[in-house]
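Please keep the sequence and the model in view while reading.

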Amino acid sequence: MCLQGAVQWPLFPFYTLANLAGAFAAAAVQYGVYYDALNSYDGGQRRTYGEKATASIFSTFPNSKISTLNCFFDQVFGTFILCGCILAMTDKRNMMPHKGLLPLAVGAIVFGIGTCWAYNCGYALNPARDLGPRIFTAIAGWGVEPFSFRNYNWFWVPIVGPMVGSFVSWLVYSFFVQLHWPASKEEIIATTNSVTVTVDGKVEVAANRTGALYREHSLTESTRRLSI
């Protein structure tokens, strides 16, 4: 969303911390709801792998037959599909549905990805969704094992994979779709400062001192001076 310009970069760490805190709190609530059931199942011995392992209730772990590299590609690809669909649906010039249907559409996409690609390693698709609960389990009795699993060669996959997948998705959508839309009537393109465009009726195509071009723009006021 920051790369797309929908969220300002200074807000990135606050969104990150808020997502991590939300996922951590959700894991804590889940733990409290099933506390007695967990004790009944594992006798109070929290395990990450082996018989009666329960850490995978909270965060994702790979199928024992699937390599870490394969799981990494799984997370990159799954997030690529998710973010690409979201970019297409929220683009007003593409296939944006009614805003009331957006949550349903995004939920359907997540469900579809989980149905198709959950076998390898679940489908975190979101660093906070996996890291927040993983931190909670490390604190709540599972110890370092949620991070040391596969000799510390797993916990980073649901963090790095989705970040790479979302970046590639934004890059592909921007270069192959978004950049090819014609300019809308609300857009004025400027490349230098201290350039004044005089509008009389419809905006005329004007060039600044360096030859940069301003696109045609429709305004309701008969005359307006725009300082860019």
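**Confidence**

The structure is a predicted model. The mean pLDDT of the protein is 85, and 80% of the residues reach 70 or more. Over residues 198–228 the pLDDT stays under 50. For that stretch the model has 65 contacts beyond four places in sequence.

**Overall fold**

The protein contains seven helices and two strands. Along the sequence the elements follow the pattern α-α-α-α-α-α-α-β-β. Of the 228 residues, 32% count as buried. Among contacts in the protein with a separation of 6 or more, 67% come from residues 24 or more positions apart.

**The largest pocket**

The largest pocket holds about 1100 Å³ of space. Its lining consists of 28 residues, and Met1, Phe12, Asn126, Pro127 and Ser166 lie nearest the centre. The elements that each give two or more residues to this lining are α1 (12–33), α3 (68–90), α5 (127–142) and α7 (157–176). Sorted by class, the lining has 21 nonpolar and seven polar residues, with no charged residues.

**Cysteines**

A search of the whole structure finds zero disulfides.

| Cysteine | Nearest cysteine sulfur | Distance |
|---|---|---|
| Cys71 | that of Cys121 | 4.0 Å |
| Cys83 | that of Cys85 | 9.4 Å |

A disulfide requires two cysteine sulfur atoms within 2.5 Å. Cys71, at 4.0 Å from the sulfur of Cys121, is in no disulfide. Cys83, whose nearest cysteine sulfur is 9.4 Å away, is likewise in no disulfide. Is Cys71 buried or exposed? Cys71 counts as buried, because its relative accessibility is 0%.

Leu38 lies in helix α2, which covers residues 35–42. This leucine counts as buried because its relative accessibility is 6%, and the cut-off for buried is under 20%. Which residues does Leu38 touch, not counting those up to four places away in sequence? They are Tyr31, Gly43, Arg46, Thr54, Ile57 and Phe58. Leu38 and Lys52 are 14 residues apart in sequence, and their C-alpha atoms are 9.7 Å apart in space.

Technical notes: Residues numbered from 1 in each chain as written. Predicted model: local features only at pLDDT ≥ 70, side-chain atom pairs only at ≥ 80, totals over all residues. Heavy atoms only, no water. 1 Å grid on protein atoms, 1.4 Å probe; cavity = no way out; pocket = protein on both sides within 12 Å on 5 of 7 lines; lining within 4 Å. Points joined across faces, edges and corners; volume = space filled by probe spheres on them. Helix = DSSP H or I, 4+ residues; strand = E, 2+ residues; numbered from the N terminus. Nonpolar A, V, L, I, M, F, W, Y, C, P; charged D, E, K, R; others polar. Buried < 20%, exposed > 50% of the residue type's maximum accessible area, 1.4 Å probe, protein only. pLDDT = per-residue confidence, 0-100. Contact = heavy atoms within 4.5 Å.
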